[in-house]
Amino acid sequence: MPSNNLFESISLGLMRLPNRVVMAPMTRARTAQPGDIPSIEMATYYAQRASAGLIITEATQISQQGQGYSFTPGIYSEAQVQGWRRVTQEVHDAGGRIVLQLWHVGRMSHPSFHTDGMPVAPSALAPNAQVWVVGSDGIGRMLECPVPRALSAIDIQNVIADFRHGAANAMRAGFDGVEIHGGNGYLIDQFLRTTSNHRTDEYGGTLENRIRFACDVASAVVTEIGAARTGIRIAPFITQRNMNCPDIITATLALAERLEAMQVAYIHLAEADWDDAPQIDDGFRQKLRQTYQGKIMVAGNYSAARAEAILAGGLVDLVAFGRPFIANPDLPKRFMLNAPLAEFDPSTLFGGNAQGYIDYPSLS
Ligand SMILES: Cc1cc2nc3c(=O)[nH]c(=O)nc-3n(C[C@H](O)[C@H](O)[C@H](O)COP(=O)(O)O)c2cc1C
């Protein structure tokens, strides 16, 4: 085994990545307003990080209904597509590769984003969580997510169509592919779990029914843009946001079997998010590897050393880094040189301007 696996190139769908240091999706809430349009600064930010093997964009809502936080970008209006076009152009000009994370928050939202009433979900069950909303006074506050409205059978088909439309728009915007956001307690994850899905129709109840929405979304996206351009992120190990489902590992493996049949390019495991950091046993990793032949990516508190150790074990193919990329735009080079990593300023993570966004320097 080479000791620096992180720097071995690898194919991912139609792409050839020069290294396995992936930039994880990170919401930064810096779109141009009105209209949640990707800004010029966003193009600069992503282009600065083009030395990543792959960039996965921040989560991007596929519809107004799919939004749950202020200033996150969309991929449903023409202005948003044009804004993203500038981002992909600059990343490609800088030699990088970039996929768009397609997002519907489901119940992780607030009525202020919904002209027609409540946020939507598989069932009318609140997540016991809050979202960041900037009011008309310009001040951001964490607001409680209310009890959502349960999606009707027709609503579900409309949301699947919105995912498909988002994937088509991503292609028009020049992306190399998409990552379906199936994790972190958002809409797709809400369908997977017994804790958030109490439906009695074909989208709830049995395991087969609970994975149906994720499968239908993946299938719609694959039909639109091809399996080689489609990845999916899942987060089976999270427990917050009322998501602690005893059956989620079984559901995840059943879903992986379907994704294998569809030949989806990769599965991205969000292992730990922020402070939620469970231990993942090798038994699960082995079962996933046996079930699914595509590429497996992991993220969550990885250092270069931990990343190389897990790659060397052969159970994963790529490692995504979130927070380390914020203040270290040239992270792969720093890993390669074993250079010290800069710390980011937590007060400029969400919203704001260029400060704490595009002013972190690369090594000279
Ligand atoms: C500021 C911030 C924003 C994030 N936004 C997203 C997001 O939009 N989509 C997503 O799937 N995960 C999101 N995450 C989770 C990261 O992709 C990643 O899984 C997490 O930060 C753990 O990796 P790390 O320890 O390398 O930061 C976010 C994390 C951070 C720190």
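Two residues are taken to be in contact if their C-beta atoms, placed from the backbone, lie within 7 Å. By this criterion, 75% of the contacts in the protein chain between residues at least 6 apart in sequence join residues at least 24 apart. The model is predicted: local features need pLDDT of at least 70 and side-chain atom pairs count only at pLDDT 80 or more, whereas totals for chains, interfaces and linings use all residues. Residues are numbered from 1 along each chain as its sequence is written.

The protein chain contains eleven helices and 14 strands (DSSP runs numbered from the N terminus, with helices being H or I of at least four residues and strands E of at least two). Its radius of gyration is 19 Å, close to the 21 Å that the globule rule gives for 364 residues, so the protein chain is as compact as a globular protein of that length (the radius is taken over C-alpha atoms, and the rule is 2.2 Å times the number of residues to the power 0.38). The C-alpha trace spans about 55 × 50 × 35 Å along its principal axes. Of the 364 residues, 49% are buried (20 or more other C-beta atoms within 10 Å of the residue's own; 12 or fewer denotes exposed, and values in between partly exposed, with C-beta atoms placed from the backbone).

Strand β14 (residues 318–321) is covered on both faces, with L318 and A320 buried on one side and V319 and F321 buried on the other. Strand β3 (residues 21–23) pairs with β14 in the parallel sense over three bridges (pairing requires at least two DSSP bridges between the strands), and V22 stands opposite A320. Strand β13 (residues 295–299) also runs parallel to β14, joined by three bridges, and V298 stands opposite V319. The chain crosses from β13 to β14 through helix α9 (residues 304–312) in a right-handed β-α-β crossover (with the strands pointing away from the viewer, the path from the first strand over the helix to the second runs clockwise).

Most residues other than glycine have a negative phi, and most peptide bonds are trans. In the loop between β13 and α9 lies N301, which has a positive phi of about 60° and counts as partly exposed because it has 13 C-beta neighbours inside 10 Å. The loop between β3 and α1 holds A29, whose phi is positive at about 55°; with 18 C-beta neighbours inside 10 Å, A29 likewise counts as partly exposed. P34 is found in the loop between β3 and α1, and the peptide bond from Q33 to P34 is cis, with omega near -5°.
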